[in-house]
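Subject: Structure handover

Hello,

Here is the structure for you to look through. My notes on it follow below.

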Amino acid sequence: MANRRRVQRRNGAPCIKSMASGAAVISTTIGAEGILADCGEIRVADDPAQFAQAVVETLENPESRDVQVQAARRLVESRYDWSAIGQSLFEAYGWEGRSE
């Protein structure tokens, strides 16, 4: 998924949905705003030439792309899955037990 957004209108949901579906995501800084990624789950490039290069590299390197896709899926499951969000709320409110 190539997200060339230069004006933020959402909360990163398009990138998160793409990451959850198993797509390698390349985005601008603005398009990835709000996504708590820190270990290669998403590629960020703001300059058009760098963005195009990131797309080409992602398409030409399946091993690197697979590593990115797997890391992105783990991120989505650990931070953005409803069960993870529910657990975070339980912890924030100091409630005991799980949200399941």
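Helices (H or I, at least four residues) and strands (E, at least two) are DSSP runs, numbered from the N terminus. By that rule the chain has 4 helices and 3 strands. Their order along the sequence is β-α-β-β-α-α-α.

Some ground rules. This is a predicted model, in which local features need pLDDT of at least 70, side-chain atom pairs count only at pLDDT 80 or more, and totals for chains, interfaces and linings use all residues. Residues are numbered from 1 along each chain as its sequence is written, and side-chain values use heavy atoms, with hydrogens and water left out.

**Whole chain**

Buried means under 20% relative accessible area, exposed means over 50%, and partly exposed is in between (1.4 Å probe, protein chains only). Of the 100 residues, 30% count as buried. The chain exposes about 6600 Å² (Shrake-Rupley method, 1.4 Å probe). Carbon and sulfur atoms supply 51% of that area. A contact means heavy atoms within 4.5 Å. Take the contacts with a separation of 6 or more: residues 24 or more positions apart account for 49% of them.

**Core**

A nonpolar core is a set of buried Ala, Val, Leu, Ile, Met, Phe, Trp, Tyr and Cys residues joined through side-chain atoms within 4.5 Å. The largest one has 10 residues: Cys-15, Ile-16, Met-19, Val-25, Ala-32, Ile-35, Ile-42, Ala-72, Leu-75 and Val-76. Helix 1 (13-20) and helix 3 are the elements that give two or more residues to this core. Ile-42 is worth a click. Beyond its neighbours within four places in sequence, Ile-42 contacts Cys-15, Val-25, Ser-27, Ala-32, Ile-35, Ala-37 and Gln-68.

**Cysteines**

Cys-15 has 0% relative accessibility, so it counts as buried. Cys-39 has 57%, so it counts as exposed. A search of the whole structure for disulfides (cysteine sulfur atoms within 2.5 Å) finds 0.

**Helix 3 and Arg-79**

Arg-79 sits in helix 3. Its relative accessible area is 34%, so Arg-79 is partly exposed. Not counting residues up to four places away in sequence, Arg-79 touches Leu-36, Ala-37, Asp-38, Ala-84 and Ile-85. Arg-79 and Ile-35 are 44 residues apart along the chain, with 9.5 Å between their C-alpha atoms.

**Helix 4**

Helix 4 covers residues 82-92, and its buried residues are Ala-84, Gly-86 and Gln-87. They cover an arc of only 160° around the axis, so they lie on the same side of helix 4. That arc is taken from the directions from the helix axis to the C-beta atoms. These buried residues pack against helix 3 (62-80). The face turned away from the buried side carries the exposed residues Trp-82 and Ala-92. After helix 4 comes Gly-94, whose phi is positive, near 75°.

**Aromatic rings**

Rings of Phe, Tyr and Trp (its six-membered ring) pair if their centres lie within 6.5 Å; planes under 30 degrees apart count as stacked, over 60 as edge-to-face and the rest as tilted. The whole structure has 2 aromatic pairs. Phe-90 and Trp-95 are edge-to-face, at 5.4 Å centre to centre and 85° between the planes. Tyr-93 and Trp-95 are stacked, at 4.9 Å and 20°. Phe-90, Tyr-93 and Trp-95 form one aromatic cluster. Tyr-93 counts as exposed because its relative accessibility is 55%.

Best wishes
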